[in-house]
Amino acid sequence: MAPMADEDRAAADTAAPTRTTARRPAAEAAPGPGVGGRQRLLLIVGLVIAALNLRPAITSLGPLMKEVRDDLGMSGTLAGLLTSVPTLCFAVFGLAAPRLARRWGPAAVVCAGMVAITAGLAVRPYAGGTAGFLVLSALALAGIAVSNILMPVIVKRWFPDRVGPTTGIYSMAMSAGTSLAAAATVPMTDALGGSWRLGLGIWALLGAAAALVWLAVARSRTARTTNAADKPATPGAGTAPAGTAVRITRSPTAWALAVFFGLQATGAYITMGWMPQIFRDAGVSASTAGVLLATTMLMGVPLSFVLPRLAARLPHQGVLVLVLAAFGLTGYTGLWLAPAAGAWAWALLLGVSNCAFPLALTMIGMRARSGAGVVRLSAFAQSTGYLLSIPGPLLVGALYERTGGWDLPIALMAALMVPQAVAGVLAGRDRTVEDETGAAAPTA
């Protein structure tokens, strides 16, 4: 399964420097902040356990969606709304994260995010109705949204000399948490007596453990030092004038990236929310459907390392966009023709296609020359993209309820791959938003 301007900037700056700048990010060349060995260990543990919590609230629900709908009397349209809530929360709550971090410090806000995740996951199964379930899901997702953004900020603050390896560690942990929740929720539910409420609520224990670790981090001397560093500097002679700022909305590349990001997010959240149900309706068992979703999510682990490095070596990333789109179209075609017979093949193909996400992050880092430009581009592409992705899962749920089958929803998913590919090819051209907007590169 984040949502997430600073998260994407960290990933992009680490994995995909632009062809117009030095190959190694400046942050990696900077000296470290003096974090001691014991503090570094605490921070690494905190990053890993927080990352493990960033997707289970979403991927644990898919394998049990049928039971949740039946018990709460949830319509297909409302279930589609539930699968759209993550993108809405990532777009809305993620915008507040930088301001909260400046006020309270990033470690304290991540700790609060873990508390929100814990409370939302623990209470939502017992909310007593659809409205309560949605509200408490939003609480957990708000915690995920702010943590998504601030964890990479912490990496850059406390591990400036090891941005790449540290980002890789938490990215792998996030993928592991995504896959673990998808694969283990049904077996754990069965082991707990078959109650979907216990099966979903058990993931709150992981959030509670993370909250305790981040409480220790937030109270550490390192966190207090970082809080001071996060305070905005007073404008002075060395500050770039406002006129040099990149006017993102005037950039065709920025708009192409926003559409590409939004459509890939649409496909990813439709997959996370509905793919287990598609397999179950085709006769696949609930536990196997969960493992199939986990397989799809696991494909992102190795490819998230390969794609950024490959993209950075290409003058135009459009060829990668087209290859991923071809995998997606093949997977959706198979899912439409023989969902059960070729289930494992379709899960793998769609897992490869969903790796448009790390490619989108990479292109965000390559389409701006300066750090300030990357921040603005990332914020615009992601906030706009996540807003664009909200209707997709809703529409899939409504079509499923109206038609009683998956032919039309799957056809819609496949059709969305076409504009995604077009937008990705346009976004992959070798140019920067500064060139398109005529902005001077802001000073650091």
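Good morning, colleagues. The structure before you is a predicted model, in which local features need pLDDT of at least 70 and side-chain atom pairs count only at pLDDT 80 or more, while totals for chains, interfaces and linings use all residues. Residues are numbered from 1 along each chain as its sequence is written, and side-chain values use heavy atoms, with hydrogens and water left out.

I begin with confidence. pLDDT is the predictor's confidence in each residue, on a scale from 0 to 100. For the protein chain its mean is 79, and 80% of the residues reach 70 or more. Residues 1-34 have pLDDT below 50, and this stretch makes 104 contacts in the model beyond near neighbours in sequence. A contact here means heavy atoms within 4.5 Å. Over residues 232-243 the pLDDT also stays under 50, and the model has six contacts for them beyond four places in sequence.

I turn now to the salt bridges. The term denotes a side-chain nitrogen of Lys or Arg within 4 Å of a carboxyl oxygen of Asp or Glu. The whole structure contains four of them, and I shall describe some.

One joins D70 to K66, with the closest N and O atoms 3.2 Å apart. These two residues lie four apart in helix α5 (residues 65-72), so about one helical turn separates them. Helices are DSSP runs of H or I with at least four residues, strands are runs of E with at least two, and both are numbered from the N terminus. As to accessibility, buried means under 20% relative accessible area, exposed means over 50%, and partly exposed lies in between, with a 1.4 Å probe and protein chains only. D70 is exposed at 55%, whereas K66 is partly exposed at 36%.

A further salt bridge pairs the side chains of D71 and R197, at 2.9 Å from N to O. This pair links distant parts of the chain, since D71 sits in helix α5 and R197 in helix α11 (residues 196-201), 126 residues apart. D71 is partly exposed at 42%, and R197 is partly exposed at 22%.

E436 and R431 also meet through their side chains in a salt bridge, at 3.7 Å from N to O. E436 is partly exposed at 22%, as is R431 at 32%.

Finally, where does L426 lie? L426 belongs to helix α22 (residues 407-427). It is partly exposed, with a relative accessible area of 38%. L426 and G318 are 108 residues apart in sequence, yet 7.3 Å apart in space, C-alpha to C-alpha.

Thank you for your attention.
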